Amino acid sequence: MTMSPGWYLRRLSRMGPQEVGGRVGDALRRRRWRSAPPADCPPVPDPRFTAVLPAGALAAVPADAAKRLVAEADRLLDGHAEFFGVARDDLVDPDWWLDPKTGRRAPAGYAFDVPYRSEDAVGDIKQIWEPSRHQYLTVLAAAYALTGDDRYAERVAGHLRSWWAANPPLRGVHWISGIELGIRLLSWVWVRRLLDGWPGAAELFERNPVALNQIWHHQRWLAAFPSRGSSANNHVIAETAGQFGAACAFDWFPESARWRSVALRSLERQLRANTFPSGLNRELATEYHGLVLELGLAAVAEADAAALPVPPTVRLVLLRMTDALAAVVDNRLRPPRQGDADDGHGLVLDGAGTDRWGSLLATGDAVFGRLPWWPEVPGTDVRTPLLAALVRPYGKGGTVTRPAARPAHFADAGLTVLRGPEEIWVRCDGGPHGFLSIAAHAHADALAVEVRHDGVDVLADPGTFCYHGQPEWRRYFRSTLGHNTLELDGVDQSLSGGPFLWIRHARSRVLAADTAAPGVARWSAEHDGYQESTHRRRVELTAATRELRIVDEVRGPRRAVRLAFHLGPAVTAELTGSRAVLTWTRDGEPRSAVLDLPGELSWSAHRAENDPPLGWYSAGFGRKEPATTLVGTGSTDGAQGFTTVLGFQE
């Protein structure tokens with residue numbers, strides 16, 4: 001899909017004068033760089049790589065984590081990998097510009113002339129970009145570091161030389177997006193670190209003019225085209241983390257000190273800007289919380305490896321993010337499924353089967369120290385001991401004020417977690433509608449709830465599935481109807497300028513949150529995402545009866561109503577009238593619940609419908625599977641209330 005002129009005009013309307021001026025300068029610079037061939041990097045006298053792992057770091061890797069890593073590396077040696085639900089068997093000798101999903105190949109030419117948003121011209125750009133983040137190469141390099149098997153190192157070297165030859169500076173699709181360049185630089189830093197014992201490491205990197213030129217041009221690009229204003233979300237964190245990390249570890253160029261200084265200032269400023277004081281990410285998209293935390297830890301690791309000072313606020317934000325993550329996960333260490341999610345990682349050193357969130361909390365334990373209320377976290381990953389060997393501990397021993405008890409209500413983010421017996425977990429959303437003026441990764445999910453029982457999605461957030469390539473699916477997974485909340489007149493809570501740009505933000509506010517009351521946890525909030533009408537929702541979780549009560553009130557003129565409840569893919573439903581009997585299994589044990597729905601509405605069950613989409617669940621980007629959605633239709637007039645009761649059975 002290519003964006004229309006109207007989309008760009010609406011996008012422009014969300015920019016301030018400073019951002020507009022910066023983007024005009026970017027456009028002029030792109031035009032100038034098109035007319036002049038890129039110069040090679042300046043001479044680098046006797047470059048040496050010194051940012052190596054401390055002695056004993058590799059020995060601290062748990063045996064089961066090493067086993068998973070080597071198994072993954074062997075799959076990669078055989079050419080097998082999966083990106084966003086698409087299995088690939090061509091990674092022995094990959095085509096760096098091929099989208100295996102559509103079979104299309106990105107066109108050659110000056111990078112900024114490539115129409116990367118057009119799937120007809122380029123293919124699925126995410127499928128093309130993801131392997132070129134080179135995070136699978138860090139897995140291969142880690143396998144070499146742990147085993148000493150040259151096959152892993154030789155494959156890494158072959159792929160890097162192939163990529164560098166196919167992607168000279170400013171040519172082709174891999175020189176368009178700053179987040180891609182930033183993450184790729186971090187991968188190269190870790191590849192060089194993990195290959196340090198391999199005899200060919202220096203010849204691959206610091207003694208290789210092609211590698212030097214690539215590293216220099218990546219940093220030159222990032223210095224020239226930072227994400228600005230309405231785009232300064234997780235992308236700018238990846239750009240500054242990659243720029244800073246490379247300028248620390250590859251401190252070989254005349255510009256390195258300046259690049260490092262500018263990137264560190266930006267990283268400190270943008271980490272604070274992207275994070276609520278409570279520690280939750282301002283995009284209200286949990287996967288981006290994880291991505292930003294990983295990127296921040298990776299950047300601090302490079303500073304500490306180079307013995308360079310970092311502003312205390314950087315470590316403080318990362319500590320708060322870690323404590324916030326520990327606070328919101330369920331008993332299976334799964335965080336909320338809120339906002340956009342595209343499986344983005346900041347640093348990958350582990351094999352398949354390693355829990356991302358457990359790994360992040362294990363790293364937080366090693367660097368910041370766990371608090372008594374933290375969930376138990378098994379330390380069984382590769383990344384934690386390697387990062388912990390580099391990052392200086394911070395916040396341990398009471399030197400920084402941290403929550404004395406597990407937070408349940410995050411007022412600044414509008415996120416509240418209610419917990420009940422038998423590991424009942426409820427996430428209530430009454431927060432801002434996204435971050436920055438375009439709310440790029442927000443969903444129209446004000447007052448939505450998400451309910452789990454022992455880690456199983458019962459009332460589920462359906463996920464993300466895709467971005468611009470399939471607009472009808474993008475609209476569904478981002479829509480009000482696509483979440484466990486109430487829709488009026490068949491439109492989303494916030495007026496939209498298309499499937500990727502929100503023009504008007506819904507304002508939500510939490511009215512009350514009592515998560516510590518004995519026996520009953522309560523939450524209530526309202527939002528004004530519909531003109532002339534206000535939607536207010538109350539949620540109560542009663543421990544003794546294992547009952548969740550949801551009361552929706554709509555005040556305003558008569559309007560059509562649709563109330564949706566999305567069941568997780570493991571849950572089956574038998575709907576009779578306004579009562580649904582829900583069943584599922586957990587660890588081989590049968591579980592059940594009864595969902596009593598508002599009798600004022602007419603209820604129907606939907607599953608795997610395509611036109612329009614309804615009844616789907618996306619476990620990860622690019623993947624979707626059938627799930628049951630219960631939809632109640634009717635109308636409201638004046639002050640109308642609807643009560644839903646979910647009772648978990650013994």
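**Salt bridges and what surrounds them**

Reply: Searching the whole structure turns up 47 salt bridges, a salt bridge being a side-chain nitrogen of Lys or Arg within 4 Å of a carboxyl oxygen of Asp or Glu. Before the details, keep in mind that this is a predicted model, where local features need pLDDT of at least 70, side-chain atom pairs count only at pLDDT 80 or more, and totals for chains, interfaces and linings use all residues. Residues are numbered from 1 along each chain as its sequence is written, and side-chain values use heavy atoms, with hydrogens and water left out.

R68 pairs with D64 in a salt bridge, with 3.9 Å between the closest N and O atoms. Both residues belong to helix α3 (residues 63–77), four residues apart, or about one turn of the helix. (Helices, H or I with at least four residues, and strands, E with at least two, are DSSP runs numbered from the N terminus.) D64 counts as partly exposed because its relative accessibility is 38%; the scale runs from buried (under 20% relative accessible area) through partly exposed to exposed (over 50%), using a 1.4 Å probe and protein chains only.

Next comes D90, whose salt bridge with R88 brings the closest N and O atoms to 2.9 Å. R88 has 5%, so it is buried.

Now for a pair from two helices. E294 and R356 meet through their side chains in a salt bridge, 3.1 Å from N to O. E294 sits in helix α13 (residues 286–305) and R356 in helix α15 (residues 356–368), so this pair ties together parts that are 62 residues apart in sequence. E294 is buried, because its relative accessible area is 3%, and R356 is buried as well, at 12%.

Then there is the network: salt bridges with shared partners join D330, R334, R427, E450, R452, D457 and D461 into one. The side chains of E450 and R452 are joined by a polar contact of 2.7 Å. (That term means a pair of N or O atoms within 3.5 Å; within protein, one must be able to donate a hydrogen and the other to accept it, and residues adjacent in sequence count only if both atoms are side-chain atoms.) If you set aside neighbours within four places in sequence, E450 is in contact with P336, R337, W425, V426, R427, D457, L459 and D461, where contact means heavy atoms within 4.5 Å.

Some charges sit over rings instead. K126 lies over the face of F621, at 5.3 Å from the ring centre, and R193 lies over the face of W190, at 4.5 Å from the ring centre. To count, NZ of Lys or CZ of Arg must be within 6 Å of the ring centre and within 35 degrees of the ring normal.

As for ring against ring, the structure holds 23 aromatic pairs. (Rings of Phe, Tyr and Trp, the last by its six-membered ring, pair if their centres lie within 6.5 Å; planes under 30 degrees apart are stacked, over 60 edge-to-face, and the rest tilted.) One aromatic cluster takes in F49, W163, W164, W188, F205, F250, W252 and F253.

What about the cysteines? C428 is buried, at 0% relative accessibility, and C466 is buried too, at 6% relative accessible area. The disulfide count is zero, going by cysteine sulfur atoms within 2.5 Å.

D611 and P612 are joined by a cis peptide bond, with omega about 0°, and P612 is in the loop between β17 (609–610) and β18 (613–614). L170 is a residue other than glycine with a positive phi, near 70°; its place is the loop between α7 (150–166) and α8 (178–194), and it counts as buried at 4% relative accessibility. E532 also has a positive phi near 70°. It is found in the loop between β10 (520–530) and β11 (533–542), and at 69% relative accessibility it counts as exposed.
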